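Subject: Handover of a structure and its findings

Dear colleague,

Please find below the structure that I am handing over to you. My findings follow it, and I would be grateful if you read them with the structure open.

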Number of protein chains: 6
Amino acid sequence: MKLSARNQLPGKVKDIKEGVVTAEVVIALDGGGELTAVITKRSVENLGLAVGKKIYAVIKSTEVMVATD
Amino acid sequence: MKLSARNQLPGKVKDIKEGVVTAEVVIALDGGGELTAVITKRSVENLGLAVGKKIYAVIKSTEVMVATD
Amino acid sequence: MKLSARNQLPGKVKDIKEGVVTAEVVIALDGGGELTAVITKRSVENLGLAVGKKIYAVIKSTEVMVATD
Amino acid sequence: MKLSARNQLPGKVKDIKEGVVTAEVVIALDGGGELTAVITKRSVENLGLAVGKKIYAVIKSTEVMVATD
Amino acid sequence: MKLSARNQLPGKVKDIKEGVVTAEVVIALDGGGELTAVITKRSVENLGLAVGKKIYAVIKSTEVMVATD
Amino acid sequence: MKLSARNQLPGKVKDIKEGVVTAEVVIALDGGGELTAVITKRSVENLGLAVGKKIYAVIKSTEVMVATD
């Protein structure tokens, strides 16, 4: 599958915290730094996510903001 | 200002393409890789964005997806 | 690639309207009905989208609202 | 109320899973296929959602992505 | 139509700037302050938006961030 | 920090309901009316949010919809 969302950063799952409906996935980016994703708990199960697994963080361009100091 | 959006990745503006309402800002991340942001043209002007300027890409956690190979 | 976004509806491109930065893609769903997507013009080019092409509309669950009459 | 979000697909509630803050609503679309929505538990109560109830899935165009095989 | 998006603030259209695909609508809130919405140009036409028209700004709760000084 | 998200409405925290992963923050706007934000529980802790605290509701323009009666 090829996706219109052009932002795809490689990394590894660093931590998973599961609630009833949602789960928080902390991603250690290969380039350094972290990203946190809130996805459904079912997606965590469907993708077989576990600490250490290689994944991509995917973000639609319209969801990225810019900040300056 | 301190923001609830916990995803803040440092980088530099690599390219700006301006439309009538929106603008596409390509960000070269300090850790490697790129992110594209679609924001309003007015925000580009308000923030004084220009190629080479140091910025942060900011993303709300609920907007981050996870993909596996 | 397998994606955490669980909403993937099959359809065909019905219409594309391109602006400078963004493009509007009207999708005729296989099950009937239409969806409109606003993505970047570059993604239209990267995906080689054209009227009649078979695609999927993909939506993160946190972006779906519910309405009643 | 008439809404700018142009994507409104008719369906029925197939399943509801409630957490503390959010709830996952699985929607069986009239045209076939399913969509999952993550909304607040309070909205589930305010709308009186229950399995079998006729509803609409509503999605802002800027939240729809496109994927190809 | 009753919507799961619980954030509905009354106001008036203060300004509309139209691009090819999207439009920027500046809303003067009845309670003071402004909100800017980026919606499709077609939605501006479908809703018959014009300066001075009474409208509501509608926002899904998962899209609202919080900031402190 | 200066942010591209141009919608920043001042208010006070009226209520906080915490789940496992997410939290619902009800904001009483200074101009009247309320907004509900769903953010991560960790952001509630990082920002030190508590009832009565002065905050800003921040919303990206592409996330604001428009409705008419």
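A salt bridge is a side-chain nitrogen of Lys or Arg within 4 Å of a carboxyl oxygen of Asp or Glu. Please keep in mind throughout that this is a predicted model.

Chain C and chain D

By that definition, two salt bridges are counted between chain C and chain D. In a salt bridge between C:Arg6 and D:Glu24, the closest N and O atoms are 2.8 Å apart.

Which parts of chain C supply the side that touches chain D? At least two residues each come from strand E2 (7-18), strand E3 (22-29), strand E4 (34-40), strand E5 (54-59) and strand E6 (65-68) of chain C. E4(C) gives the largest share, six residues. Sorted by class, this side of chain C has 18 nonpolar, six polar and seven charged residues.

The contact as a whole takes 31 residues from chain C and 31 residues from chain D. The area buried between chain C and chain D is about 3,000 Å², and carbon and sulfur atoms give 62% of it.

The two chains are also joined through their strands. E5(C) runs antiparallel to strand E6 (residues 65-68) of chain D, and three bridges join them. Within E6(D), the residue D:Val66 stands opposite C:Ala57.

Chain D and chain E

How many salt bridges does the rule find across the interface of chain D and chain E? The number is zero. Polar contact, on the other hand, is found there for eight residue pairs, both residues being at pLDDT 80 or more. The elements of chain D that give two or more residues to the side touching chain E are strand E1 (2-3), strand E4 (34-40) and helix H1 (41-47). The largest share of that side, four residues, comes from H1(D). By class, the side of chain D that touches chain E has six nonpolar, six polar and five charged residues.

In this interface, 17 residues of chain D are in contact with 17 residues of chain E. Between them, chain D and chain E bury about 1,600 Å², with 59% of it on carbon and sulfur atoms.

A sheet built from several chains

Six strands form an open sheet with antiparallel pairing, in the order E4(D)-E3(D)-E2(D)-E5(D)-E6(C)-E1(E). Its edge strands are E4 of chain D and strand E1 (2-3) of chain E, each of which pairs on one side only. Within chain D, seven bridges join strand E2 (residues 7-18) to strand E3 (residues 22-29), and these two run antiparallel. Here D:Val13 stands opposite D:Ile27 in E3(D).

One residue of chain B

B:Asn7 is placed in strand E2 (residues 7-18) of chain B. Is B:Asn7 buried or exposed? Its relative accessibility is 1%, and buried means under 20%, so B:Asn7 counts as buried. Leaving aside neighbours within four places in sequence, B:Asn7 is in contact with residues of chain B, including B:Ala57, B:Val58 and B:Ile59, and also with A:Glu34, A:Leu35 and A:Thr36 of chain A. A polar atom of the B:Asn7 side chain lies 2.6 Å from the backbone nitrogen of A:Thr36.

With kind regards

Note on methods: Residues numbered from 1 in each chain as written. Chains lettered and ligands numbered in written order. Predicted model: local features only at pLDDT ≥ 70, side-chain atom pairs only at ≥ 80, totals over all residues. Heavy atoms only, no water. Contact = heavy atoms within 4.5 Å. Buried area = accessible area lost by both parts, 1.4 Å probe. Nonpolar A, V, L, I, M, F, W, Y, C, P; charged D, E, K, R; others polar. Pairing = 2+ DSSP bridges. Buried < 20%, exposed > 50% of the residue type's maximum accessible area, 1.4 Å probe, protein only. Polar contact = N/O pair within 3.5 Å; in protein donor to acceptor, adjacent residues only side chain to side chain.
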